[in-house]
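Trainee: I am new to this structure and would like to learn how to read its features. May we go through them one at a time?

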Amino acid sequence: MNFKAEIPEEAKDCLACIYTYVVHATITDQAGETQTTQKSIRISRRPVEVKVSMPSAIESSDPAKGKIEVVNLDGVPLTRNLKIELSEVRIPDPLPFQRLWQNPTHYTLSREEFKARFPFLPYKEESNPAHWPTKPPSMTQSKTVEGEVPLEFPGGLRPGVYRLVITDMDSGD
């Protein structure tokens with residue numbers, strides 16, 4: 001029996017989507033005994049998951065310690081070449097208020113008009129730290145990861161907010 005798991009046509013451009021197919025099989029032998037099994041098959045355009053475990057707050061004088069794990073969609077450990085960058089986030093001044101409502105999908109005011117009327121409220125993604133720019137990387141490592149390995153950054157980092165960017169050098173993601 002062949003089974004071709006495919007990404008639905010309407011979602012071909014979704015890089016983060018993971019699709020799960022469940023295949024059920026029931027076999028009956030000549031004696032009438034029946035065996036049943038099932039297998040889940042997960043597919044994605046990005047079939048590698050990188051899991052990072054780091055504390056959310058780190059004493060600046062101590063080295064930052066955590067772990068990094070690379071697995072496929074079924075949780076099987078993989079060996080990958082990774083580039084790991086730690087960059088300090090540039091915190092906006094003034095710091096925008098947290099959004100009190102969901103981010104609108106359409107804007108009727110330009111950024112300049114909006115800021116003139118509401119100088120301390122966030123425009124588009126300004127209150128989301130994931131969209132704040134970063135300074136050049138404070139630290140860069142290249143590492144071959146086989147399953148799960150320790151991850152350590154040296155102490156002496158300036159107090160602040162940092163972004164960890166991990167690139168899979170084997171796939172460019």
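**The largest pocket and beyond**

Mentor: Let us begin with the pocket: E8 supplies the largest share of the lining of the largest pocket, namely three residues. Helices (H or I, at least four residues) and strands (E, at least two) are DSSP runs, numbered from the N terminus. This is a predicted model, in which local features need pLDDT of at least 70 and side-chain atom pairs count only at pLDDT 80 or more, while totals for chains, interfaces and linings use all residues. Residues are numbered from 1 along each chain as its sequence is written, and side-chain values use heavy atoms, with hydrogens and water left out.

Trainee: What volume does the largest pocket have, and which residues are closest to its centre?

Mentor: On a 1 Å grid over the protein atoms alone, a pocket is an open set of points where a 1.4 Å probe fits, with protein on both sides within 12 Å along at least five of seven lines; lining residues have an atom within 4 Å of a point. Grid points are joined across faces, edges and corners, and the volume is the space filled by probe spheres set on the points. Here the volume is about 420 Å³. Of the 22 lining residues, Pro55, Ser56, Ile58, Leu86 and Tyr162 are the closest to the centre. The lining divides into 14 nonpolar, four polar and four charged residues. In this division Ala, Val, Leu, Ile, Met, Phe, Trp, Tyr, Cys and Pro count as nonpolar, Asp, Glu, Lys and Arg as charged, and the others, Gly among them, as polar.

Trainee: Where in the chain is confidence lowest, and where is it highest?

Mentor: The score is pLDDT, the predictor's confidence in each residue, from 0 to 100. Strand E7 (residues 148–153) is lowest at a mean of 85, and helix H1 (residues 111–117) is highest at 91. The chain averages 85, and 97% of the residues score at least 70.

Trainee: In what order do the strands of the sheet with E3 stand?

Mentor: Two strands pair if DSSP finds at least two bridges between them. The order is E3-E4-E7, an open sheet with antiparallel pairing. Strand E3 (48–53) and E7 are at the edges with a single partner strand each, so one side of each has no neighbour in the sheet. Six bridges join E3 to strand E4 (residues 64–72), and valine 50 stands opposite valine 70 in E4.

Trainee: How many bridges link E1 and E2?

Mentor: Strand E1 (residues 18–28) and strand E2 (residues 34–44) pair in the antiparallel sense over eleven bridges. Tyrosine 21 stands opposite isoleucine 41 in E2. Their hairpin has five residues between the strands, where glycine 32 takes a positive phi near 90 degrees.

Trainee: Is glutamate 59 buried or exposed?

Mentor: Buried means under 20% relative accessible area, exposed over 50%, and partly exposed in between (1.4 Å probe, protein chains only). Glutamate 59, at 52%, is exposed, whereas lysine 124, at 42%, is partly exposed. Glutamate 59 lies in the loop between E3 and E4.
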